[in-house]
Every structure is written in C-alpha cells, then in structure tokens.
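Biologist: Please take me through one part of this model closely. Start with the whole, then zoom in.

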Amino acid sequence: MKETLKKAEERMDRRINHLVDEYKSIRAGRANPAILDKVKVDYYGTPTPVNQVASVSVPEARTIVIQPWDGSILGAINKAILTSEIGINPQNDGKVIRLNFPPLTEDRRKEIVKDVHKIAEGTKVQIRNVRRDLVDDLKKMKKSGDLTEDDLKDGEKKAQDLTDKYIKQVDKISAEKQQEIMAI
C-alpha cells in the first residue's frame with residue numbers, strides 16, 4: 001500500500017509542477033523570461049529554445065532583451081516570436097530583439113485572472129482523478145486479498161488527506177498568481 005500511495009503522491013507532484021510551469025508562461029504585464037520557454041527557433045534545422053541560442057535579459061520591468069550569440073539567427077528568432085502565442089511584436093534593431101510589454105488594462109487583468117482560475121480548476125480535477133485511481137487500486141488490492149478492510153479504510157483516508165494537501169497547494173499557488181496579476 002505504501003508504494004501505491006507514493007506513486008499517487010508523485011503523480012500529484014507532477015500536476016503541481018505542471019501548474020507552476022503553466023503560470024510562468026502567463027503574461028502578467030511584467031517582463032518574465034519564462035514566457036519564451038515554449039518558443040523554439042529553427043537553428044540549423046533543429047527546433048531550439050531561445051535561451052539556448054541567445055542571452056535573454058530583463059533590463060527594465062516591462063522589457064526583455066534577446067541578444068543572439070550568432071547574429072545570423074536574429075531573423076529566425078524574430079520569426080519564432082512572431083509565430084508564437086506570446087502576443088508581443090518583437091523590435092529588431094539588427095543586433096538585439098526587444099520585447100516591450102504594454103501595461104495591462106483592468107479588463108484584461110480580470111480575463112487573465114479567469115484563465116488562471118480555470119487552469120487551477122483543471123489541475124484540481126487531475127489531482128482528484130489521481131485520488132480516484134488510487135482508491136480503485138486499493139479496492140483491487142482488497143479484492144485480491146492483499147489488504148484487509150481496515151487497511152482499505154486507512155488507505156482511503158490517506159488518499160483523501162493527500163488530495164486535500166495538494167488541493168490546498170493549488171489554491172495557494174493560484175491565489176498568489178491572481179494577486180500578482182491584479183497588483184500590477
């Protein structure tokens with residue numbers, strides 16, 4: 001039973017890590033280099049992350065500067081940013097690319113907060129699905145004679161406690177992100 005609980009906990013951990021990664025890519029009006037994590041540049045025929053072909057810095061709160069190590073791929077980086085879903089037009093001066101983030105309107109912030117909430121709810125559903133799978137596994141173990149009735153009840157309680165712990169984490173992470181968006 002301990003091994004089954006441990007696997008479920010690892011699956012829930014992965015859901016939390018995925019949530020954090022999703023939130024990193026949400027544009028909150030501030031320059032955050034993590035927004036470029038999903039942008040791939042065609043570098044000699046290979047899709048390569050921007051941060052592996054260029055230096056990415058944040059000189060000001062609303063500006064990201066991308067300086068490629070190989071000047072010949074400036075156009076490829078520019079094209080990759082334009083085709084990505086970032087929603088920012090890059091400014092290419094021939095040496096570096098600048099991404100300027102405009103301040104968000106109140107309505108746009110509220111929309112982003114709704115998206116953040118929707119992502120959090122999806123993560124909670126995934127965590128509950130892990131709990132359901134765990135309880136199903138425990139019931140199968142009981143049926144096959146590997147667990148007693150008391151062990152099953154104990155396992156179900158531990159599964160619920162684990163789920164509650166991770167749901168609280170999701171709520172906390174989501175509240176922090178929502179607060180960050182509304183504070184800007």
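Modeller: Helices (H or I, at least four residues) and strands (E, at least two) are DSSP runs, numbered from the N terminus. The model is predicted, so local features need pLDDT of at least 70 and side-chain atom pairs pLDDT 80 or more, while totals for chains, interfaces and linings use all residues. Residues are numbered from 1 along each chain as its sequence is written, and side-chain values use heavy atoms, without hydrogens or water.

Whole protein first. The protein has four helices and six strands. Their order from the N terminus is α-β-β-β-β-α-β-β-α-α. The radius of gyration (over C-alpha atoms) is 22 Å, well over the 16 Å that the globule rule (2.2 Å times the number of residues to the power 0.38) gives for 184 residues, so the protein is more spread out than a compact globule. Its C-alpha trace spans about 70 × 40 × 20 Å along the principal axes. Of the 184 residues, 38% are buried, meaning under 20% relative accessible area (1.4 Å probe, protein chains only).

Now zoom in on helix 1. Helix 1 covers residues 2–24. Its 23 residues should span 33 Å at 1.5 Å a residue, counting one less than the number of residues. The end C-alpha atoms are 33 Å apart, which agrees.

Which residues of helix 1 are buried? They are T4, L5, A8, M12, I16, L19 and Y23. An α-helix has 3.6 residues a turn, so residues three or four places apart point the same way. What do the buried residues of helix 1 pack against? Their partners are helix 3 (106–143) and helix 4 (149–183), with contact meaning heavy atoms within 4.5 Å.

Terms used: Buried means under 20% relative accessible area, exposed over 50%, partly exposed in between (1.4 Å probe, protein chains only).
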